[in-house]
Amino acid sequence: MTTMTTQTTPVLEARDVTMRFGGLTAVRSVDFTVNSGEIVGLIGPNGAGKTTFFNCLTGLYVPTEGKVSYKGTVLPPKPHLVTQAGIARTFQNIRLFANMTVLENVLVGRHTRTKEGLWSALLRGPGFKKAEKASEDRSMELLDFIGLAHKRDHLARNLPYGEQRKLEIARALASEPGLLLLDEPTAGMNPQETRATEELVFAIRDQGIAILLIEHDMRFVFNLSDRVAVLVQGEKLVEGTPQVVQADERVVAAYLGTPFEGAPGADEVAEVEAAEADADTATPTATADSTTSTRGESQ
């Protein structure tokens, strides 16, 4: 269990966030806070609205109601502006630039932190070369941090699965975030890779970056998190320390599929999952914006 003393300064504040797809409410009036120095877990059964909520936090979706603030400033509903503000994310399904090298993938993540424009790039003057060298140096620092510096020239597609996950995290870190959102970072990993990811998350937090993660591996979540929040059909069911959440009978019932008062039925859960999938398909422009800007959201 993490032993670091968390701070009380809010980094992320979501207030009354609601997301509707037509007549279906996927996220309903969720209040949520991540403080500086914290690792916060977000869990819930399939169809609970976790990824939809993540998308609302990162500007990929515009909430139907409510607002999201980062360090006291309401975030604009554009993914690249959210990244520029200081929030980066990864995805459940790895979205690397497969035919680019390991180093090039991380360099892409530096996009929002470089000030050189089109003409500077075309003329390749002293300012551009200096910025390019600074970005490469920082990218190599990140590759060294995650243990992939020796593979800087390898194509991303040729990396083992666990290393691709690490590379995606490094690319997100390249934008110098104050808050990192991880969407199922251990999905598909073996126990050894999961343990290495756990150590990496702690190391990132120790650099002063707050972390919010979605994960289905309960042991991973409870080992890492200072606080855990549970979503069930888009509503926050309970929030507290890992010990409090694990002991809550409603959480156990939700995961076991045991009905409790107000619990969603299977048909309702299926509707939420279908709505999320339809929304992702229907918003290619938003996804492209997010890809271009965060570089943690690529092809």
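Two strands count as paired if DSSP finds at least two bridges between them. Helices (H or I, at least four residues) and strands (E, at least two) are DSSP runs, numbered from the N terminus. This is a predicted model, where local features need pLDDT of at least 70 and side-chain atom pairs count only at pLDDT 80 or more, while totals for chains, interfaces and linings use all residues. Residues are numbered from 1 along each chain as its sequence is written, and side-chain values use heavy atoms, with hydrogens and water left out.

**View 1. Strands β3 and β9 sit side by side in an open sheet of 6 strands.** Here Gly 41 faces Val 228 of β9. The two strands, β3 (residues 39–43) and β9 (residues 227–232), pair in the parallel sense over 4 bridges. Step back and the sheet order reads β6-β7-β8-β3-β9-β10, with mixed pairing. At the edges are β6 (87–89) and β10 (235–240), each pairing on one side only.

**View 2. Strand β1 has antiparallel partners in β2 and β4.** β1 (residues 10–21) and β2 (residues 24–35) share 8 bridges, and Ala 14 stands opposite Phe 32 in β2. They make a hairpin with 2 residues between them, and Gly 22 in the turn has a positive phi of about 65 degrees. Another 5 bridges join β1 to β4 (residues 65–70), with Arg 15 opposite Lys 67 in β4.

**View 3. Helix α6 lies across β6 and β7.** The helix runs at about 155 degrees to β7 (179–183); axes are lines fitted to C-alpha atoms, for helices over the stretch in contact, and angles run from 0 to 180 degrees between N-to-C directions. Contact means heavy atoms within 4.5 Å. Zoom in on Leu 167 and you'll find that it touches Leu 96, Val 102, Leu 143 and Ala 156, among others, not counting residues up to four places away in sequence.

**View 4. The largest nonpolar core holds 41 residues.** A nonpolar core is a set of buried Ala, Val, Leu, Ile, Met, Phe, Trp, Tyr and Cys residues joined through side-chain atoms within 4.5 Å, and buried means under 20% relative accessible area (1.4 Å probe, protein chains only). Residues with the most contacts inside this core include Leu 143, Leu 167 and Val 230. Its largest share, 5 residues, comes from helix α6 (residues 161–173). Domain 1 (8–86 + 177–280) and domain 2 (96–175) both contribute residues, so the core lies between them; the domain bounds come from an automatic or database domain assignment. Apart from it lies another core, of 31 residues, including Met 19 and Tyr 70.

Terms used
Buried < 20%, exposed > 50% of the residue type's maximum accessible area, 1.4 Å probe, protein only.
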